[in-house]
Amino acid sequence: MEGDSVSDIFNNELFEAFGAASDHVYIYVCDMKTNISRWSRAAVDYFGLAGEYLEDAANVWAQHVHPDDLKVYTEDIEGVFSGKNQYHDCQYRARNASGGYVWVECKGSVIRDGEGNPIIFAGLMTRIDGQSKYDSLTGLLTTQEIHHFDFSSQSGIALLIGMDGFRKIISNYGYNNGDEILIRFSREISDLCRPGWKVLRFSGDEFLVIAFASNLQEVTDFYEELCRETDMMILEDGRRVGISISAGGVLFPQDADIREILINKLEHSLEYAKNNQRGSMVFFSEEIARKHERGLVLREDLKQCMKNDFKGFELFFQPFIDPVSGTIAGGESLLRWKGERIKDSYPMEFVKVLEDYGDINEVGFWVMEQAIKQQAAWRSTYGELQISFNVSYQQFLNDTFEERAISCVEKYGANPNYIIIELTESCQVEAPQELAAMFGRLRERGFKMALDDFGTAYASMEMLKWLPVDYIKVEHSFIRELAQPGHDIDYVIVDSLLEMCRRLGYNSIIEGVENSKVADIVGEMNATLLQGYHYSHPVCQKDFEKLLDKDRK
């Protein structure tokens with residue numbers, strides 16, 4: 001194949017057809033004798049090349065390759081032009097006409113003449129991001145397409161919308177129904193969007209809406225309408241699923257004119273909405289930025305403390321009172337923490353950070369060991385004390401939980417009959433049969449099991465059908481205002497719960513006893529133990545021991 005034949009390939013109608021077939025796949029042909037190549041028009045436009053015909057294209061193209069990937073590209077292409085390699089096959093980042101870098105996969109092969117000399121080099125270059133242009137489940141554009149949007153020269157509002165508790169929905173209804181919900185939710189968003197708006201599948205249950213040149217009221221109306229339309233979904237099997245959504249918003253270019261910054265602020269805003277104003281649309285603000293920065297510092301400090309043998313963590317204890325004798329029968333172990341930079345973080349804040357980043361298990365094991373160790377240490381001085389500690393359902397799911405609980409008791413010589421393990425967040429239990437089996441095995445070892453915050457949801461009652469327990473902790477919201485006029489119903493509820501405990505053979509702990517009037521009322525209700533600020537706030541180990549010393553005089 002000589003001279004005119006190469007020219008025929010350059011000007012071939014098939015080249016024209018294939019070159020125009022896709023906006024993310026580019027073709028090229030190079031005459032290896034003259035080192036002149038032709039590139040498809042799509043490649044010229046997207047990468048900002050000088051024209052379709054280029055001389056010394058390998059070196060020209062090298063100027064578009066990311067500096068960190070240049071070695072990979074150079075070694076591969078030189079192997080082709082030197083005759084060493086028959087094929088060109090590598091991935092790297094290439095600069096486009098906008099100045100941004102995209103990943104491409106470049107494949108090519110060499111055609112040789114009858115004497116074995118290389119005469120033509122031809123190939124395809126595929127933008128890897130273009131392969132995932134559309135989401136396979138919803139058919140929406142993926143976030144790869146956000147690179148085509150110019151947030152610096154246009155005005156608009158971006159919304160990142162996510163479902164609240166979608167993981168729980170999947171747990172309750174299964175992945176297939178979860179996919180059905182996502183598909184229908186995506187259609188609702190698309191149907192409600194105004195002309196010119198863009199909808200993208202962001203990740204998981206999150207969707208990105210880009211409203212160009214729209215005012216705030218339009219976006220507010222859209223969000224409220226979406227909330228109404230998706231409030232309740234009826235699945236194909238007839239089951240009804242309640243849906244709650246939250247959203248984070250950013251104005252562009254006012255608050256962000258760069259894609260990465262815009263996405264970052266959207267994620268922070270959505271996170272803030274879900275944590276603080278669930279079910280609402282929250283626009284980015286400096287307060288959100290501060291809270292996010294605090295969260296990052298918390299995360300770093302917590303990690304450092306964990307690496308440093310849990311320095312900064314401490315157990316406080318709140319007494320359990322025997323209502324008959326009025327003496328301290330034990331106490332609940334409560335985690336406290338003080339970091340190097342943030343010294344005012346409360347458990348509700350830092351525990352959530354531990355949960356979000358998957359560190360709660362290790363900290364939970366530390367709490368368990370310290371509580372069991374302390375129960376054993378107090379035996380010689382104060383006798384047997386009922387010491388409890390909280391365990392989340394997530395912690396119970398850890399394969400080593402039972403083994404480590406038993407190991408701690410054996411290690412420190414504690415009496416498991418005086419160790420109370422409290423299950424928190426019982427409403428999140430998804431496999432009660434498996435948890436019941438674990439509870440049974442721990443009870444056989446002597447541990448006492450408790451349901452914390454009992455009565456706050458129907459799930460608490462449901463758990464009684466499955467879980468073998470020894471203690472029920474009556475939630476403080478029923479207790480704190482017992483002495484106030486108009487709270488007779490709280491009294492009836494508490495009295496009924498305690499009667500149920502007696503009939504089922506459970507011990508009971510009433511928490512939230514915050515003043516003497518409430519103490520007098522609950523003192524006559526035949527509870528096993530009492531707990532609350534009236535007796536003591538949670539205190540450090542030394543102060544708890546002072547309470548014990550005073551109590552035993």
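Tutor: Let us begin with a cut-off: a residue is buried when its relative accessible area is under 20%, and exposed when that area is over 50%. Keep in mind that this is a predicted model.

Student: Then what makes F252 count as buried?
Tutor: Its relative accessibility is 2%. Buried means under 20%, so F252 counts as buried.

Student: And how do you know whether F212 is buried or exposed?
Tutor: The relative accessible area of F212 is 17%. The limit is under 20%, so F212 is buried as well.

Student: Why is D495 called partly exposed?
Tutor: D495 has 32% relative accessibility. Partly exposed is what lies between the buried range, under 20%, and the exposed range, over 50%, so D495 gets that label. This residue is found in helix α17, and it touches R502 and M525, leaving aside residues up to four places away in sequence.

Student: What makes F151 and F252 an edge-to-face pair?
Tutor: Two values decide it. Ring centres have to lie within 6.5 Å for a pair, and planes over 60 degrees apart count as edge-to-face. Here the centres are 4.9 Å apart and the planes stand at 90°, so the pair is edge-to-face. F151 lies in the loop between β7 and β8 while F252 is in strand β13, so the pair ties together parts that are 101 residues apart in sequence. F151 is buried, like F252.

Student: What kind of pair do F212 and F252 form?
Tutor: Their centres are 5.7 Å apart, with 80° between the planes, and this pair is edge-to-face too. It links F212 in strand β10 with F252 in strand β13, 40 residues apart.

Student: How do you know that R404 lies over the face of F365?
Tutor: For an Arg, CZ must be within 6 Å of the ring centre and within 35 degrees of the ring normal. R404 is at 3.7 Å from the ring centre of F365 and lies over its face. In the same way, the charged end of R127 sits over the ring of Y46, 4.3 Å from its centre. Y46 also belongs to an aromatic cluster, together with Y26, Y28, W39, F47, W61 and F121.

Student: Now the sheet: why do β7 and β14 count as its edges?
Tutor: The open sheet has six strands in the order β7-β9-β10-β8-β13-β14, with mixed pairing. β7 and β14 each have a single partner strand, so one side of each is left without a neighbour in the sheet.

Student: How do you know that β7 and β9 are paired?
Tutor: Two strands pair if there are at least two bridges between them. Two bridges join β7 to β9, and these strands run parallel. In β9, R201 is the bridge partner of T142.

Student: And what makes β8 and β10 partners?
Tutor: Seven bridges join β8 to β10, running antiparallel, and at least two are needed. I161 stands opposite F207 in β10. On the other pairing, five bridges join β9 to β10, also antiparallel.

Student: What makes β10 mostly covered?
Tutor: Seven of its seven residues are buried. E206, L208, I210 and F212 are buried on one side, and F207, V209 and A211 on the other, which leaves both faces covered.

Technical notes: Residues numbered from 1 in each chain as written. Predicted model: local features only at pLDDT ≥ 70, side-chain atom pairs only at ≥ 80, totals over all residues. Heavy atoms only, no water. Helix = DSSP H or I, 4+ residues; strand = E, 2+ residues; numbered from the N terminus. Phe/Tyr/Trp six-rings, centres within 6.5 Å; stacked < 30°, edge-to-face > 60°. Buried < 20%, exposed > 50% of the residue type's maximum accessible area, 1.4 Å probe, protein only. Contact = heavy atoms within 4.5 Å.
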